[in-house]
Amino acid sequence: MNLDQPRARLRLDAALDHLTVTFRGMTADPDESNCECHWGSAEDLAQLKIADKELDPDLLQRTWQATDWKNNASVLRRILPQFATSLVTGLVEPRFGMERVGFTFALGEWQEWPAEQAAAVEEFLHAWWAHTLTDPDPLVPAHDLLVLTAEASGTLRPWLDVWEALDDPVADAHLAKAADHWDYDLLGDQLPWRAWENGEEMRTGLTAWLAGHASARLRAHGAPEGLLHRIRLLGVTGPDRWEDPHWPQYRY
């Protein structure tokens, strides 16, 4: 599969436009509330109950980061077009990693929304992922976006399948960067992020995918020998892993 960047950008732009159309007129529930001391003022809350009013960046951030809404789904639907655009343009900087953004989607249970709404969210995530894998310098690195999409959807497999099928030197460069970013945690049998759920399943799936798929691809890409050995060791278990002459002397 080849996805050139201009086509991927057009797809992403279309997905963002479709979010705007699909969620136009959405508001938070009329009886929605939050703590004035810790979240924001009554005036801030009132803005969430006005359809399509753009929120200032600070209010948007406080809104998506809050986890104690009475109806997380309605709040997410209210902010989703602006939130998605802010994500794509690199304006969202989570304090605790991109998994926190994924948790926001998961809390909203978007996969349970009416079919048209759920399809719009799914297409946005896939379009953003496809664009990122073909962008040499994405605003959100591929390894961070994978965390977001995995946590938002509750699964790694569809996103890894797209990466695996994409025969592209830019995607290979992202793979090398991701492998180098993840290998320390994975060699210690830890997932490189805090999972909302299915953490162990994601860890074993990511480890197996890198060990089984990434090695040959990274070698063809010209990845450093040390990284190739570390990825190879993901397929080795028990004492054979840390007694290997190429064990990187990681300490846990």
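In which helix is the place of L60? L60 sits in helix α3, which covers residues 57-65; helices here are DSSP runs of H or I with at least four residues, numbered from the N terminus. The model is a predicted one, in which local features need pLDDT of at least 70 and side-chain atom pairs count only at pLDDT 80 or more, while totals for chains, interfaces and linings use all residues. Residues are numbered from 1 along each chain as its sequence is written, and side-chain values use heavy atoms, with hydrogens and water left out.

L60 counts as buried because its relative accessibility is 4%, where buried means under 20% relative accessible area, exposed means over 50%, and partly exposed lies in between, computed with a 1.4 Å probe on protein chains only. When its neighbours within four places in sequence are set aside, L60 is in contact with L55, I79, Q82, F83 and S86, a contact being heavy atoms within 4.5 Å.

One of these partners, I79, also belongs to the lining of the largest cavity. A search of the whole structure finds 1 cavity of 30 Å³ or more, and the largest cavity has a volume of about 70 Å³. On a 1 Å grid over the protein atoms alone, a cavity is a set of points where a 1.4 Å probe fits but cannot get out, a pocket is an open set with protein on both sides within 12 Å along at least five of seven lines, and lining residues have an atom within 4 Å of a point. Grid points are joined across faces, edges and corners, and a volume is the space filled by probe spheres set on the points. The residues that line the largest cavity are T63, W64, A66, W69, N72, V75, L76, I79, T104, L107 and G108. Helices α3, α4 (72-88) and α5 (99-107) each supply at least two residues of this lining, and α4 gives the most, with 4 residues. By class, the lining of the largest cavity has 7 nonpolar, 4 polar and no charged residues; Ala, Val, Leu, Ile, Met, Phe, Trp, Tyr, Cys and Pro count as nonpolar, Asp, Glu, Lys and Arg as charged, and the others, Gly among them, as polar.

Helix α4 also contributes to the largest pocket, where it provides the largest share of the lining, 6 residues. The volume of the largest pocket is about 240 Å³, and of the 13 residues that line it, the closest to its centre are D52, K53, E54, P81 and Q82. The lining of the largest pocket divides by class into 4 nonpolar, 4 polar and 5 charged residues.

I50 lies in the loop between α2 (42-47) and α3, and with 43% relative accessibility I50 counts as partly exposed. Not counting residues up to four places away in sequence, I50 touches T27 and R78. The C-alpha atoms of I50 and T132 are 33 Å apart in space, and these two residues are 82 residues apart in sequence.

Two packed helices are described by the angle between their axes and the distance between the axes. Helix α6 (residues 115-134) and helix α9 (residues 169-187) pack at an angle of about 95 degrees, with their axes 7 Å apart; the axes are lines fitted to C-alpha atoms, for helices over the stretch in contact, and angles run from 0 to 180 degrees between N-to-C directions. The two helices α6 and α9 are therefore roughly perpendicular to each other, a term for angles of 65 to 115 degrees, whereas angles under 35 degrees count as roughly parallel, over 145 as roughly antiparallel and the rest as oblique.

H131 is also found in α6, and H131 counts as buried because its relative accessibility is 8%. Leaving aside neighbours within four places in sequence, H131 is in contact with Q5, A8, R9 and L12. Between the C-alpha atoms of H131 and L60, 71 residues apart along the chain, the separation is 24 Å.
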